[in-house]
Amino acid sequence: NGDYKDTVWLKDSIFALKYYIITDNRTIVQNSLDKIIDLIGTDNQRPSICFDKSLNPISIRSFQSKQSIDIQNNVLGEILWLYSEVKARDYRLGKKWLNKINEIIDILWEEKYWEQPDSGMWRMESDVRSSSIGICLGGLRQLTNWPEWNNKKLNALIDEGEESLNLLLPNETENRKEDSALLSLIWPFRVVNKRMSIKIIGKVFNNLKGQVAVKRFIGDPYYF
C-alpha cells in the first residue's frame, strides 16, 4: 500500500511463509520459493537487502551498498533458515538455491557477521545487534543437518556467532537493552535456551508492552 505498493519485503515474506509451511500448503510454498530465488538474482558483488521496489531480480550482494543502512544480515540468516525448513519437507530446490546458500555462507564469512554493524530487523540506525547475529546463527545451525553444508567453515561461523551473541544478550545492542526483535530468537529461529527466553520475554513485557501490542523498542516512533 502507499509508497510500498510495488515493494517486496523479503524478511516479512519469509515470516508469512512460515504459516504455509506449517499448514503444508505446498503450492503456495513452492511458488514462493521459486519467486524468492528469482528475485535475489545470480550475480556476485556484495551482501543483502529486504525489498525490491520494481520487482526486478536483484543481486544478494550488489543490492546492499557499503552504507550500513542497507546491510541487513538478518535477511541472510532468514534465507538460510528457510532453505533448511523447506529442504526437510522435500520441496523442489534447484542449482540456483545451492549456489545462493554457498554465496551467503561466503558473505557471512567475508563480512564477519558476528561483529558487523547492520540496520537489523527494523532497518534503522547501524549497530552490532543480537537479533541479526542470532538469526544468522539460527540459519547456520539449521544447515548442520545437511552433510553437504556441515564443514569447518560453517562450524567456525557458528562458533564466532555464539561467542558474540553470548556477550550481547539479553540486550539487543550495547546501548539498547530492550527490543522486540529479540523475540524472533525464541520463535521461529529457536536460537536461545529456556532461561534466556524467559529473560527476553520479561524485558519485552515489562518495558515494551502497550495496550494492544508491543513497541519495537523504547521511543519507537511508529507506536503512539
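**Salt bridges, burial and helix packing in a predicted model**

User: How many salt bridges does the count come to?

Analyst: The count comes to 17 salt bridges. The coordinates are those of a predicted model. The individual pairs are read by asking which side chains meet, at what distance and in which elements.

User: Which side chain meets Lys18 in a salt bridge?

Analyst: Glu85 does, with 3.0 Å from N to O. This pair links distant parts of the chain, since Glu85 belongs to helix α3 (residues 73-87) and Lys18 to helix α1 (residues 10-22), 67 residues apart.

User: Are Glu85 and Lys18 buried or exposed?

Analyst: Both Glu85 and Lys18 are buried. Burial is read from relative accessible area, with under 20% as the cut-off. Lys18 counts as buried because its relative accessibility is 6%.

User: What is Lys18 in contact with, leaving aside its neighbours within four places in sequence?

Analyst: Lys18 is in contact with Trp81, Glu85, Trp187, Pro188 and Arg190 once those neighbours are set aside.

User: Which side chain meets Arg26 in a salt bridge?

Analyst: Asp24 meets Arg26, at 3.7 Å from N to O. Between the cut-offs of 20% and 50%, a residue is partly exposed. Arg26 falls there because its relative accessibility is 35%, and Asp24 does so because its relative accessible area is 47%.

User: Which side chain meets Arg92 in a salt bridge, and at what N to O distance?

Analyst: Asp34 is the partner of Arg92, and the distance is 2.8 Å. Here again the pair links distant parts of the chain: Arg92 lies in the loop between α3 and α4 (95-110), Asp34 in helix α2, and 58 residues separate them. Arg92 counts as exposed because its relative accessibility is 53%, whereas Asp34, at 26%, counts as partly exposed.

User: Which residues do salt bridges that share partners join into one network?

Analyst: One network is made in this way by Asp118, Glu125, Arg129, Glu172, Arg176 and Asp179.

User: What is Ile36 in contact with, leaving aside its neighbours within four places in sequence?

Analyst: Beyond those neighbours, Ile36 is in contact with Leu10, Ile14, Leu17, Leu82 and Trp97. Separation in sequence and distance in space should be read side by side. Ile36 and Ser13, for example, are 23 residues apart in sequence, and their C-alpha atoms are 9.3 Å apart in space.

User: At roughly what angle do the axes of α3 and α4 cross?

Analyst: They cross at roughly 140° and come within 10 Å. An angle over 145 degrees would count as roughly antiparallel, so α3 is read as oblique to α4. The crossing of these two helices is left-handed.

User: Which residues make the contact of α3 and α4?

Analyst: From α3 there are Asn73, Leu76, Ile79, Leu80, Leu82 and Tyr83, and from α4 there are Trp97, Leu98, Ile101, Ile104, Ile107 and Leu108. By class, eleven of the residues in this contact are nonpolar, one is polar and none is charged. Leu82 and Trp97 are also among the contacts of Ile36.

User: At roughly what angle do the axes of α4 and helix α6 (residues 152-168) cross?

Analyst: The angle is roughly 50°, and the axes come within 11 Å. That makes α4 oblique to α6, and the crossing of α4 and α6 is left-handed. Ile105, Asp106, Leu108 and Trp109 of α4 make the contact with Lys153, Ala156 and Leu157 of α6. Five of the contact residues are nonpolar, none is polar and two are charged.

User: How many helices and strands does the protein have?

Analyst: The protein has seven helices and zero strands, and the elements run α-α-α-α-α-α-α from the N terminus on.

User: What percentage of the residues of the protein count as buried?

Analyst: Of 224 residues, 49% count as buried. For the chain as a whole, contacts can also be sorted by sequence separation. Among contacts with a separation of 6 or more, residues 24 or more positions apart account for 64%.

How values were computed
Residues are numbered from 1 along each chain as its sequence is written. This is a predicted model: local features need pLDDT of at least 70, side-chain atom pairs count only at pLDDT 80 or more; totals for chains, interfaces and linings use all residues. Side-chain values use heavy atoms; hydrogens and water are left out. Contact means heavy atoms within 4.5 Å. A salt bridge is a side-chain nitrogen of Lys or Arg within 4 Å of a carboxyl oxygen of Asp or Glu. Helices (H or I, at least four residues) and strands (E, at least two) are DSSP runs, numbered from the N terminus. Buried means under 20% relative accessible area, exposed over 50%, partly exposed in between (1.4 Å probe, protein chains only). Axes are lines fitted to C-alpha atoms, for helices over the stretch in contact, and angles run from 0 to 180 degrees between N-to-C directions. Angles under 35 degrees count as roughly parallel, over 145 as roughly antiparallel, 65 to 115 as roughly perpendicular and the rest as oblique. A crossing is left-handed if the near helix is turned anticlockwise from the far one by less than a right angle, and right-handed if clockwise. Ala, Val, Leu, Ile, Met, Phe, Trp, Tyr, Cys and Pro count as nonpolar, Asp, Glu, Lys and Arg as charged, and the others, Gly among them, as polar.
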